[in-house]
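Please walk through this structure with the sequence at hand.

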Amino acid sequence: MTTRVPTPLPTRDLHPASEADAPWWRDAVIYQIYPRSWADAAGDGVGDLAGITSRLTYLRDLGVDAVWLSPFYRSPQNDAGYDVSDHRDVDPAFGTLADADALIARAHELDLRVIVDLVPNHTSWEHEWFREALAAEPGGPERDRYMFRDGRGEDGELPPTDWLSNFGGGAWTRITEPDGSPGQWYLHLFDPSQPDLNWQNPEVRAHFEGILRFWLDRGVDGFRVDVAHGLVKKEGLPDYDRHPGGLLEVTHEAPYWDQDGVHEIYRGWRELLDSYGTPERIMCAEAWVAPADRLARYVRPDEYHQAFNFDFLETPWLAEPLRAVIAQSLAENDAVGAPATWVLSNHDVLRHASRFGLPQGAARPNGIGAGDPQPDAELGLRRARAATTLMLALPGSAYVYQGEELGLPEHTSLPDAVRQDPTWLRTGGLERGRDGCRVPMPWTKGARALGFNTTGAAWLPQPQSYADLAVDVQTGVEGSTLELYRSLLALRRLRGLGRGALAEVESLGEDVLGYVVTAPDGERTLVLVNLSDTPVELPEDATVLVASDDLDGRKVPTDTAVWATLG
Ligand code: NOJ
């Protein structure tokens, strides 16, 4: 049996086109670099800024518009740099401020914009403010920069609330006062080495405005904002007995997530960014917020430019939920005039080439170990390529995580002894953690550390499967995942897909997704994704532009996506 696409195409409008001259970020494709794992010029096994600069032409040739760099600031690296001890300095592991300046300058020469990470919810416990807080008396201004409280119970031996840390265990840690007595508790929604800041304190607000200006003055084009939904905690810090599990289950009913008070902070930041003129400096919210209309509040016209669409990332490889999440995301964003921000992978989740190879319906694990059920690598990659082909056709902005353009799978057999993610330690090994998606990039088959550096050192070992996926193996090879990404990115730009109007093709059957993207200049692109068990025949007037895998003549096989011209 073959599904035929009816002609003329019955369509339902989902989203209008943007202005042809809309600002750059409305349809930008932004490549996430995880600095410790991209390229290591120093050869010490940890990637660095000089390594990144030396390889930026790879990104120009890939065809992305911008890079987002995960944190490279001074940090004891208890949470891979998301524990910042000085936001205005580069950690020696990654280089120097001069290296950051050189990176920004080189990127701009190559027409790539640079987004840096801002981590405002917490600092490292090595931040000078936290040291001052520990040395100061309870109730003083030094403690008021953080969330210190007296404990409950007769001697304050119980934590102030029942809140849990996102990384496992309680969210409060008791300190010893300077006089040696058991003391107050401080809040950490993440690791104990990441004390939460008190955003009701004007000094904290002023401090972060200074950090924004520091990096804007060095030439960055924007910020990805860490835990954007967590900065403000509910007045009075009430208990919360429902405890949604971790980063991925977030509701504003929790007294520490998505509180209304966060929005005035972002309105202030938007004014600050806007004062830098054009090209516009942007901010993108990492806000694990549900439902979708709560997320849309972050991208109102005077707040964030973008907010990651994690609902899309979390949608299983099933047509109906994908169709629904695409329609809903566009509707919610259109209601506030914002672009949708598509994403399938990042440094916190299983790589999508592995995620889509897990059995449907099972909860997505936080990491996979050698003893756990393993993903079907071939199926996962096939679906991942189709999913990316779908994502890059959708109007709005999109983020690509380093290595996904090579089809890299998760490292699912890391020895436990090398794991570094605090979630692994804090859950007593219950969660394997996120190290498996953070393994160094393979650049050259046969080279030491697969070309990550010249010494062979690597802070996490690369799996054997990465050798055949190295950049040099895939470059120029028709049908490779790298060449698929290059084609998709080039065509997306050429055909104005990111700025296009989107209409859904109806009557294709439940398990086939179909869209027509109409660019601002009127050019139409048909997008078909076959999630059914039977092939789909392309309409007669369609000419294939790119396909995520081989077609069978004019038939689109299962788990394959196609872009085609019409008429
Ligand atoms: C989200 C970041 O992406 C993640 O890597 C980090 O562990 C937490 N925020 C805490 O900063």
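This is a predicted model. Start with the sheet.

Strand β14 runs parallel to β15 (residues 397–401), and three bridges join them. W342 has A398 of β15 as its bridge partner.

Two bridges link β12 and β13 in the parallel sense. Here A285 is partnered by A307 in β13. On to the pairing of β12 with β11. These strands also run parallel, joined by four bridges. F223 stands opposite M283 of β12.

Which way do its side chains point? I282 and C284 point one way, while M283 and A285 point the other way. All four are buried.

A helix covers this part of the sheet.

Next, the packing. In soluble globular proteins, nonpolar side chains tend to be buried together. In this model the largest nonpolar core holds 159 residues. Which of its members touch the most others? They are L59 and W269. Helix α5 (residues 202–217) gives the largest share of this core, seven residues. Another core lies apart from it, with 15 residues, among them V505, V512, L526 and A564.

W269 shows what such contacts look like. Beyond residues up to four places away in sequence, W269 touches L118, P120, W199, F208, E209, L212, V225, L231, M283 and Y304. One of these, M283, is the β12 residue that stands opposite F223.

Is R294 buried or exposed? R294 counts as buried because its relative accessible area is 12%, and the cut-off is under 20%. The R294 side chain makes a polar contact of 3.1 Å with that of D260. Leaving out residues up to four places away in sequence, R294 touches H252, D258, D260 and V289.

One runs from T278 to P279, with omega near -5°.

A80 is not a glycine, yet its phi is positive, about 50°. A80 is placed in the loop between β5 (73–74) and β6 (86–90). At 13% relative accessible area, A80 is buried.

D559 is the other site. Phi of D559 is near 60°, again positive in a residue other than glycine. This residue is in the loop between β21 (555–556) and β22 (560–566). D559 counts as buried because its relative accessibility is 5%, with the cut-off at under 20%.

Conventions: Residues numbered from 1 in each chain as written. Predicted model: local features only at pLDDT ≥ 70, side-chain atom pairs only at ≥ 80, totals over all residues. Heavy atoms only, no water. Buried < 20%, exposed > 50% of the residue type's maximum accessible area, 1.4 Å probe, protein only. Pairing = 2+ DSSP bridges. Polar contact = N/O pair within 3.5 Å; in protein donor to acceptor, adjacent residues only side chain to side chain. Contact = heavy atoms within 4.5 Å. Core = buried A, V, L, I, M, F, W, Y, C linked by side-chain atoms within 4.5 Å.
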